[in-house]
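Please look over the sequence and the model before reading on.

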Amino acid sequence: MDSVMDSVMDSVVVPASQQALGIRQVSEETGLSIDTLRWYERVGLLPLVERASDGRRRYPPDALRFIRLVQALRRTGMPVADVRQFIELGGGELANHPERMALLERQCAQIEERMVELRDDLAVVQAKIETYRDLIARGLDCEDDLPDDMVEQLQADELLAGTLPAVPRRQR
């Protein structure tokens with residue numbers, strides 16, 4: 001599929017102004033700083049960078065798509081070594097596809113695990129917000145000693161179970 005797409009892309013006539021992008025333009029398009037782009041190149045995450053006769057970096061038009069993939073892999077926690085391995089296994093070598101796929105599938109599984117953790121964490125934070133709203137509605141400061149019935153209610157809340165420090169009880 002990629003080779004078909006590549007041949008189609010090769011046959012498309014691109015205006016000279018769009019044939020290569022400067023580092024500033026790539027920075028603006030991707031949201032990555034110029035320093036980050038240079039670092040990505042230095043550590044082997046951007047092998048597509050060419051130099052013009054004046055020494056300036058020139059990125060081919062399809063570099064943006066590739067940089068966005070690298071961004072996504074890094075943002076989702078893939079180690080630089082794994083991203084570099086993914087890149088090194090590229091180049092249209094059919095024999096490398098299973099290994100590249102395995103790297104992506106492993107990353108996908110880690111992302112899904114992290115999403116579950118984040119959903120659980122979100123539920124805890126939302127429960128804490130509701131607790132604070134309830135305290136504020138009762139005219140209590142979030143740091144005040146709480147009435148016994150509220151302490152029992154908070155301790156019984158399964159979303160907050162194990163996440164609350166010792167809840168202060170109101171002195172009688």
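Which residues in the largest nonpolar core touch the most other members? They are L37, L46, Y59 and I67, out of 24 residues in that core. The model is predicted, so local features need pLDDT of at least 70 and side-chain atom pairs count only at pLDDT 80 or more, while totals for chains, interfaces and linings use all residues. Residues are numbered from 1 along each chain as its sequence is written, and side-chain values use heavy atoms, leaving out hydrogens and water.

- A nonpolar core is a set of buried (under 20% relative accessible area, 1.4 Å probe, protein chains only) Ala, Val, Leu, Ile, Met, Phe, Trp, Tyr and Cys residues joined through side-chain atoms within 4.5 Å.
- Two or more residues of this core come from each of α3 (23–30), α4, α5 (63–75) and α6; helices are DSSP runs of H or I, at least four residues, numbered from the N terminus.
- With 6 residues, α5 gives the most to the core.

- Beyond four places in sequence, L46 touches L37, Y40, E41, Y59, F66 and I67, where contact means heavy atoms within 4.5 Å.
- I34 belongs to helix α4 (residues 34–42) and, with neighbours within four places set aside, contacts I23, R24 and S27.
- The C-alpha atoms of I34 and I23 are 6.5 Å apart.

**Helices α6 and α7**
- D82, Q85, F86 and I87 of α6 meet E99, R100, L103 and L104 of α7.

Conventions. Buried means under 20% relative accessible area, exposed over 50%, partly exposed in between (1.4 Å probe, protein chains only).
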